[in-house]
Amino acid sequence: MTAMERGYEEQIAQTATRQELEQIEIELLLSGVHRFYGYDFRNYALPSLKRRIWHHVHAENVPTISALQEKVLHDRACFERFVYSLSIPVTEMFRDPGLFLTFRQKVIPLLRTYPYIRIWHAGCSTGEEVYSMAILLHEEGLYDKARIYATDMNARSLQQAKEGVYEISKMRQYTKNYMEAGGTRAFSEYYTAKYNSVILQPYLRKNIIFAEHNLATDTSFNEFNVIFCRNVMIYFNDELRDHVHGLFQESLSRFGVLVLGSKESIHFTRYSDSYEPLDRVEKVYRKIK
């Protein structure tokens, strides 16, 4: 064996050792967070989880994942920043307008037949999707008989959602989304501008219940006619994804509607035969058993 070959083998061995150590550190960090705080990230998809953990290592200015673990376990503020960094609050009002247009056309007629409507937005982030639903139901004359349950594991995101205050710079995009989603009014009717922010009209919040809920560890808490969970499960591994689908199947009423994200599907889960598609493109499904 040449010196070059020996050097190459040593390099491979060192890389394998670093990867094994990194895996051990990640497992210890997540186990510690679960045992001490009750937040379970152990079944999140590893590649994206690893990237976000290392991003947070650098953000906290610590040298290793082990050092991050020590700081997270001994500093509540650091833990809250850690949870916030893992929950990835990415959303906007009437995001994917085609979905909301489909919802108006195919789901609203079903909801009109119900005396009372319960909708769950699971993983609601900072609330833009929730208020989009409130506006849609208001325009369709259904908001007064509806209750929207907006949940997230991230307390900071939930607080912003409760306040209903957003950057004014986003209103142009939100207005465009609203019109493409079949909006029937001037979008500016739904907010008041103040300095560099907008405040959504208070009546949009009256039938919304905000609460902390962790899809990985918490159980079903009501029966729903509609469940929205969009672009949340793409960060879960197969085991956790199956667990959450079981939670939704248990929580949906007969003929209830499940709305998933554009990169998600009910197919290849244990519950695929429990649903029929209302719209395959927009990932809207109806529970049939």
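The largest pocket has a volume of about 580 Å³. Keep in mind throughout that this is a predicted model.

**Stop 1: the largest pocket.** Select Ser-87, Gly-123, Arg-230, Asn-231 and Val-232. Of the 34 residues in the lining, these lie nearest the pocket's centre. Now colour by secondary structure. Which elements give two or more residues to this lining? They are helix H4 (76–87) and strand E2 (146–152). Next, colour by domain. Domain 1 (3–86) and domain 2 (97–287) each supply at least three lining residues. Finally, colour the lining by class: 15 residues are nonpolar, 11 are polar and eight are charged.

**Stop 2: the second largest pocket.** The volume here is about 200 Å³.

**Stop 3: helix H6.** Select residues 128–139. H6 has 12 residues and spans 17 Å from first C-alpha to last, close to the 16 Å expected at 1.5 Å a residue. Is the helix largely enclosed or open? With 11 of its 12 residues buried, H6 is largely enclosed by the rest of the structure. Show the side chains. The buried set includes the acidic residues Glu-128, Glu-129 and Glu-139. Val-130, Tyr-131, Met-133, Ile-135, Leu-136 and Leu-137 are also among the buried residues. Step past the end of the helix to Gly-141, which follows H6 and has a positive phi near 75°.

**Stop 4: the E4–E5 hairpin.** Select 191–194 and 197–200. These are strands E4 and E5, antiparallel and paired over four bridges. Find Thr-192, then look across to Ile-199 in E5, which stands opposite. Two residues lie between the strands, and Tyr-195 in this hairpin takes a positive phi near 60°.

**Stop 5: strand E10 and its partners.** E8 and E10 run antiparallel and are joined by three bridges. Across this pairing, Leu-258 stands opposite Tyr-285 in E10. Which residue in E10 is the bridge partner of Asp-279? Val-284 is. End at the turn: the hairpin of E9 and E10 has four residues between its strands, and Lys-283 takes a positive phi near 60°.

Conventions. Residues are numbered from 1 along each chain as its sequence is written. This is a predicted model: local features need pLDDT of at least 70, side-chain atom pairs count only at pLDDT 80 or more; totals for chains, interfaces and linings use all residues. Side-chain values use heavy atoms; hydrogens and water are left out. On a 1 Å grid over the protein atoms alone, a cavity is a set of points where a 1.4 Å probe fits but cannot get out, and a pocket is an open set with protein on both sides within 12 Å along at least five of seven lines; lining residues have an atom within 4 Å of a point. Grid points are joined across faces, edges and corners, and a volume is the space filled by probe spheres set on the points. Ala, Val, Leu, Ile, Met, Phe, Trp, Tyr, Cys and Pro count as nonpolar, Asp, Glu, Lys and Arg as charged, and the others, Gly among them, as polar. Domain bounds come from an automatic or database domain assignment. The expected span of a helix is 1.5 Å times one less than its number of residues. Buried means under 20% relative accessible area, exposed over 50%, partly exposed in between (1.4 Å probe, protein chains only). Two strands pair if DSSP finds at least two bridges between them.
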